[in-house]
Amino acid sequence: SPTMVLKHKGVIPDSTRDLIRDLIALGLKVHQVRVVIEVVADSAGAAVKGNISDRSVGRIALEGLVASELQIAVEGKATDGITISSDGTTHKNVNYDSRHMHFNSLSSSSHSRRSLGIHSAPNHTSKTRLDGWKARIQSVIDTYNASPLADEGPLDTRSFLQKVYGMLTDHAEDQKCLKKLLTEWKTQCDREVRGERAIEQLAPLDLLPILAEEVAAAVESAGGADAWAALTPEEIDTANLEIRRSIIRRLGEDAYGALPEQERQLADLLVHAGCCMHKELNAVKGGNARMMKFWSLAGLQPPVLLMNRDNDAAARAGTSAAAARATEKSCGGAVKLAELAGALFRHKDNKQGQQDVTRYFFEAALGERFTFPDTSNTRYQSYCEAAGELVVHLELYQDFLELVRDKKTTGAFNHMERNIYAGLYDIPTLTELCVLALYGQSVCHPYMRDVRGPQDGLTNHLDMGPLHERLKAHMRRIIADPDILLAPDVSYATASLDGKPWERPAVLVSVCELTPSLPHLRSALVEFFTGALTTWERFTAEFAPGGTIANLSAHHRSLAWMPTTNDENEGALGSWRNAARAAPSISLHQHNARTMYKTNGTSEFVSNSCGPAEQKFFRHRAREIDGSGLERKRRLELAAESERSAKRQNDERQAKHTRKMARREKLAWIQPVLDTSHLTLARTSEFLKEQLAWHREFIDTGPKASKKIPMVKMLTSKELRLAALIAAVNRYNTEP
């Protein structure tokens, strides 16, 4: 019978190493690889000769990480344009970032996704995230330059960065700051590369005048010729290095300025776009926030409060202040009800909630099992879907809760069940559920169908401007005429954003049946759509006429192609959390080796582009990584950063306290004027500010948010400051 040799003279052949990496990428654990090989070989009638240790399998998996980094470098070198994307999360109180690149080829119109893995970070500041990008790109460049492929010429991080034309993230302010920092870094690299090329092409005699000017400037900056002469050799070397950098920057700027306008635009191109799923998520939040305010502003009975156990107890038995605070901190409405329903019917902890009992009940009632929308994990669109589900099967959910209650020995609901049951009978809450369900059918689902496109993963985010304009126009029509959605003969041709059949027609039927019992459905719908539209306006500003994206040429759009959503990073982070739960001791680089090898299609790259020399390099590099103690260094660095952060916070608190005590001591010497007849506009602004500060410090001593005297910076004129001071003195003289 044929024999599969796992080792030849003590060395695992390259073909076997490729097989092991492929098996690991499929999800096999290290100790399962040998067993699977034997089972498959036996089924094929082959024998297996030799043995492979778990340690060897782990190292071979690490070779996949090296191969993936080399692949990214090779493809990045050959591509026409690069776009980057990232996202972050926390796991067990540690920050993690996922990063991806897309390589955009103009000749083949292809857009290849490449994962750079998951990496921990000491914090989520913009600077730290930029440092993370620098480290990841540098790691890729270092891998290439250490490989046999570098014989063709080394790679430079700066020339790699020159091809980065786009960036996809969420809409947080720190991401906007990151884009600014990334732009500055790219600009610096671009000018350095151009400056170095200019120096190489410049004749020595032409360089001398520039050198003389920069040296003179450096001598003057040092304090003159005498100060320059007093510099140490190390300081001279540092100064000379800075002179060289100044010359490079100067020549780089000159070279950039001499470019045609179109080439300058390409050199400066770095488009920042926000994930479409985040746009949709925030629009729902904006609409719901406005709808929640609608009830009190209209003088109507709001949705029933769905208090937690503690707030409910405080509201029932506490003091008036405690009851008021409990009521203030509680909320109700459709979103809260959907959240509670998700926690009961599909809790993210499979040991809590009704879980399969719910599914079995509905299988008996409807003839099929289904799972409640995943609001317990706050999945996108889950609240609109949950609202639609509760509306469609309202009576069944009411019956199911009664069944849950009646099965108990006590025959009573627990607190969460009672809240859900109350919400399902509350007219304002049902009104909000119907609004959410209608928005989901008319906007959310059609929007995502267009965002995903007929070819999911190939739609260019930069081409989404017309879709968002159409979406906002559609919402304005519904605000002006709610009957587009509420009429008994509602049609998807006019009420759905894309004019295609409803995602779930039963939602429209159920809402129509409930409408006669919901007197404020029309008004609530208008308020929700108005709030959502306002949010859409804010989150689609990137597509504004005359903006960066709107002015892009077709060529630039192709170079800066990026996906419409940030799903790849969201999914990678979710996969990491699952992997960390399943294998708590797995190192980050082992996890990245598996996921990058699979996601990036590195197996094909190794087969087509790597020979024995590259395979040997993979082995060497993997052994270096395995013996470097990389994972321990990562953990120790996180621990050290925690200590540094604690020290910074303590120092800042101490400095703040010192400043506060010094200010308080200074104010204590001020003699307050408590006779309003002496307070006139003849007084100086400085006097008025000091008097107001005295009252805020010693008299108006409540929390900053509830102080009766506004902050001085809010009083922008002398008249306002005088009026505030007179009011403060009157309170001082009249209030006990």
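This is a predicted model: local features need pLDDT of at least 70, side-chain atom pairs count only at pLDDT 80 or more; totals for chains, interfaces and linings use all residues.

Trainee: Which residues of H16 are buried, and what makes a residue count as that?

Mentor: Buried means under 20% relative accessible area, exposed means over 50%, and partly exposed is what lies in between (1.4 Å probe, protein chains only). In H16 the list runs Ser 382, Tyr 383, Cys 384, Ala 386, Ala 387, Gly 388, Glu 389, Leu 390, Val 391 and Val 392. That's ten of the eleven residues in helix H16 (residues 382–392), which is how it gets described as mostly covered. Residues are numbered from 1 along each chain as its sequence is written, and side-chain values use heavy atoms, with hydrogens and water left out.

Trainee: What covers the buried residues of H16?

Mentor: The cover includes helix H11 (276–297), helix H14 (334–345), helix H17 (394–407), helix H18 (415–425), H19 and helix H23 (505–514). Contact here means heavy atoms within 4.5 Å.

Trainee: How do you know that His 695 is buried?

Mentor: His 695 has a relative accessible area of 1%, and the cut-off is under 20%, so the label holds. It sits in helix H31 (residues 685–698). Leaving aside neighbours within four places in sequence, His 695 is in contact with Leu 674, Asp 700, Ile 709, Leu 725, Ala 728, Val 729 and Tyr 732.

Trainee: And what makes Lys 9 and Asn 93 exposed?

Mentor: Lys 9 has a relative accessible area of 77% and Asn 93 has 76%; the line is drawn at over 50%, so both are exposed. Lys 9 is in the loop between strand E1 (3–5) and H1, while Asn 93 is in the loop between E3 and E4. Their backbones deserve a look too. Most residues other than glycine have a negative phi. Lys 9, however, has a positive phi of about 55°, and Asn 93 has one of about 70°.

Trainee: Why is H1 called roughly perpendicular to H3?

Mentor: Helix H1 (residues 14–25) and helix H3 (residues 54–78) pack at about 85°, with axes 9 Å apart. Under 35 degrees is roughly parallel, over 145 roughly antiparallel, 65 to 115 roughly perpendicular and the rest oblique, so H1 is roughly perpendicular to H3. The axes are lines fitted to C-alpha atoms, for helices over the stretch in contact, and angles between N-to-C directions run from 0 to 180 degrees. Arg 17, Ile 20, Arg 21 and Ile 24 of H1 meet Val 57, Ile 60, Ala 61, Glu 63 and Gly 64 of H3.

Trainee: What makes something a nonpolar core, and which residues have the most contacts inside the largest one?

Mentor: A nonpolar core is a set of buried Ala, Val, Leu, Ile, Met, Phe, Trp, Tyr and Cys residues joined through side-chain atoms within 4.5 Å. The largest has 86 residues, and Tyr 439, Tyr 447, Met 475, Phe 528 and Phe 529 have the most contacts inside it. Helix H19 (residues 427–452) gives the most to this core, with 13 residues. Apart from it lies another core of 39 residues, including Leu 65, Tyr 144, Phe 605 and Val 606.

Note on methods: Helices (H or I, at least four residues) and strands (E, at least two) are DSSP runs, numbered from the N terminus.
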